[in-house]
Amino acid sequence: KRFRHIVFNLLANAVSFSVPGDTVRLAVRRDAGGVAIEVSDTGKSPGIAGGTPNVEREHGLRFSLAKALVLLHGGRIEVSDDPRGGHLTTVLLPAA
């Protein structure tokens, strides 16, 4: 259930920084170390300059809720520039 909350909040956050015509992507992969969740968007909201993530993305309610759940489960969350343009949020959760 919490996994769904993490994914929902990350997707909702990405959509909120997008405009009609932008793309939001979700990728989940599992390896020996755990699970990685990637949410990317092509949103061009202000704040990306020289590879510095948009601080607003990291302080919104949806992001904060997702981050709290990730940390509660011993994971970590990162926001960066997506090489395809826009933003990339990556969650790494340890294997259960």
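The protein chain exposes about 5,800 Å², and carbon and sulfur atoms supply 58% of that area; accessible areas come from the Shrake-Rupley method with a 1.4 Å probe, and for residues only the protein chains shown count as cover. This is a predicted model, in which local features need pLDDT of at least 70, side-chain atom pairs count only at pLDDT 80 or more, and totals for chains, interfaces and linings use all residues. Residues are numbered from 1 along each chain as its sequence is written, and side-chain values use heavy atoms, with hydrogens and water left out.

**Overall fold**

- The protein chain has two helices and four strands, which are DSSP runs numbered from the N terminus (helices: H or I, at least four residues; strands: E, at least two).
- Reading from the N terminus, the order of elements is α-β-β-α-β-β.
- Of the 96 residues, 38% count as buried, meaning under 20% relative accessible area with a 1.4 Å probe, protein chains only.
- Take the contacts (heavy atoms within 4.5 Å) between residues at least 6 apart in sequence: 54% of them join residues at least 24 apart.

**Strands 1 and 2**

- Strand 1 (residues 24-31) pairs with strand 2 in the antiparallel sense over eight bridges; two strands pair if DSSP finds at least two bridges between them.
- A hairpin of two residues joins strand 1 to strand 2.

**The largest pocket**

- The largest pocket has a volume of about 200 Å³.
- A pocket is an open set of points on a 1 Å grid over the protein atoms alone, where a 1.4 Å probe fits, with protein on both sides within 12 Å along at least five of seven lines.
- Grid points are joined across faces, edges and corners, and the volume is the space filled by probe spheres set on the points.
- Its lining residues, those with an atom within 4 Å of a point, are R2, F3, I6, R30, G34, V35, H73, L93, P94, A95 and A96.
- Helix 1 (2-16), strand 2 (34-41) and strand 4 (87-94) each supply at least two lining residues, and helix 1 gives the most, with three.
- The lining divides into seven nonpolar, two polar and two charged residues; Ala, Val, Leu, Ile, Met, Phe, Trp, Tyr, Cys and Pro count as nonpolar, Asp, Glu, Lys and Arg as charged, and the others, Gly among them, as polar.

**T89 in strand 4**

- T89 is found in strand 4 and counts as buried because its relative accessibility is 10%.
- Leaving aside residues up to four places away in sequence, T89 touches L10, I37, E38, V39, F63, I77, E78 and V79.

How values were computed: Buried means under 20% relative accessible area, exposed over 50%, partly exposed in between (1.4 Å probe, protein chains only).
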